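My notes are below the viewer.

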Amino acid sequence: MPWCPICRNEYREGIKLCAECQVELVDSLEEEAELPAEQQTVQEADMLPEEQEEETAGQEDAGEEAPVYHAYQNSAVKAEDNRTSAYTLFLVGILGFALDVLVFTDVIGVFHNDGMNKYLICGVMGALFILFIVFGVVSMRASRILLVQAQSEDSLVSELTKWCDENLSAEQIDSGLFDEDLPEEQKYFKRTDKMQKVINDKFMNLDQGLLEHFVDEYYQGLFGKE
């Protein structure tokens, strides 16, 4: 998916220009992310005063504020991440604690005497590996909670999809929304904004990150073939 190198908004395939920054989109933000913040600021400062005034005037003429995006990650994905972390913590903690016990009991001959170093090092390492196991338990519990949330999200998305299939169409969304010669990027923002407002009127207290993610996905089905 293309990205804007300045505001870092993601666009659907086919869009070449950022509607807010008026710059060409890039395929990846990896190269842009390597630039320090100071250098990016300098790049923006390099704009001529006339260019800055034109950009500001264009935003004022549009009479629109820059859209605020909310980060969203599927609960099922977060649950899987937590479960993977839990397994890793369990493995490191159990193996490490077992190794620590073997060293402490001299099954593995590391220390040549029973001095304070042996008790201190084995005690500290044992406590550390126990913490690994505790964190693994916490991560596993979090994973189970997130799985329940994921099931709730899936049910909500199914309900949203069913309602949109019955009540939304491309013609209804575009009706009286913009002129035919409006750039595709601005059409995208106007359409998704209207879709979010319509859905919010029907489904109260929706998580904005989930709503924006759903609208963007549903948008592809309505207008993706344009």
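These entries go from the ground rules to the helices, then the rings, then the loops.

**Ground rules.** I'm working on a predicted model, where local features need pLDDT of at least 70 and side-chain atom pairs count only at pLDDT 80 or more, while totals for chains, interfaces and linings use all residues. I number residues from 1 along each chain as its sequence is written, and side-chain values use heavy atoms, with hydrogens and water left out.

**Helix 4 against helix 5.** I took helices as DSSP runs (H or I, at least four residues), numbered from the N terminus. Helix 4 (75–104) and helix 5 (116–167) have a loop between them. I get a packing angle of about 160° for the two, with axes 7 Å apart; axes here are lines fitted to C-alpha atoms over the stretch in contact, and angles run from 0 to 180 degrees between N-to-C directions. Helix 4 and helix 5 are therefore roughly antiparallel (over 145 degrees). I sorted the residues of their contact into 26 nonpolar, ten polar and five charged, with Asp, Glu, Lys and Arg as charged, Ala, Val, Leu, Ile, Met, Phe, Trp, Tyr, Cys and Pro as nonpolar, and the others, Gly among them, as polar.

**Rings.** I paired rings of Phe, Tyr and Trp (its six-membered ring) with centres within 6.5 Å, calling planes over 60 degrees apart edge-to-face. That rule gives seven aromatic pairs. One of them is F104 with Y119, edge-to-face at 5.6 Å centre to centre and 75° between the planes. F104 sits in helix 4 and Y119 in helix 5, 15 residues apart. F104 is partly exposed at 35% relative accessibility, and Y119 is partly exposed at 41% (buried is under 20%, exposed over 50%, partly exposed in between, with a 1.4 Å probe and protein chains only).

Next I checked Y188 and Y219, also an edge-to-face pair, at 5.1 Å and 80°. Y188 is in helix 7 and Y219 in helix 8, so the pair ties together parts 31 residues apart in sequence. Both Y188 and Y219 are buried. I also find Y188, F189, Y219 and F223 linked by ring pairs into a cluster.

**Charges over rings.** My cut-off is NZ of Lys or CZ of Arg within 6 Å of the ring centre and within 35 degrees of the ring normal. K118 puts its charged end over F104, 5.4 Å from the ring centre. R191 lies over the face of F223 at 3.9 Å.

Which residue has a phi near 65°? I found D106, which isn't a glycine. N205, also not a glycine, has a positive phi of about 60°. N205 is in the loop between helix 7 (184–202) and helix 8 (208–223).

Technical notes
Angles under 35 degrees count as roughly parallel, over 145 as roughly antiparallel, 65 to 115 as roughly perpendicular and the rest as oblique. Rings of Phe, Tyr and Trp (its six-membered ring) pair if their centres lie within 6.5 Å; planes under 30 degrees apart count as stacked, over 60 as edge-to-face and the rest as tilted.
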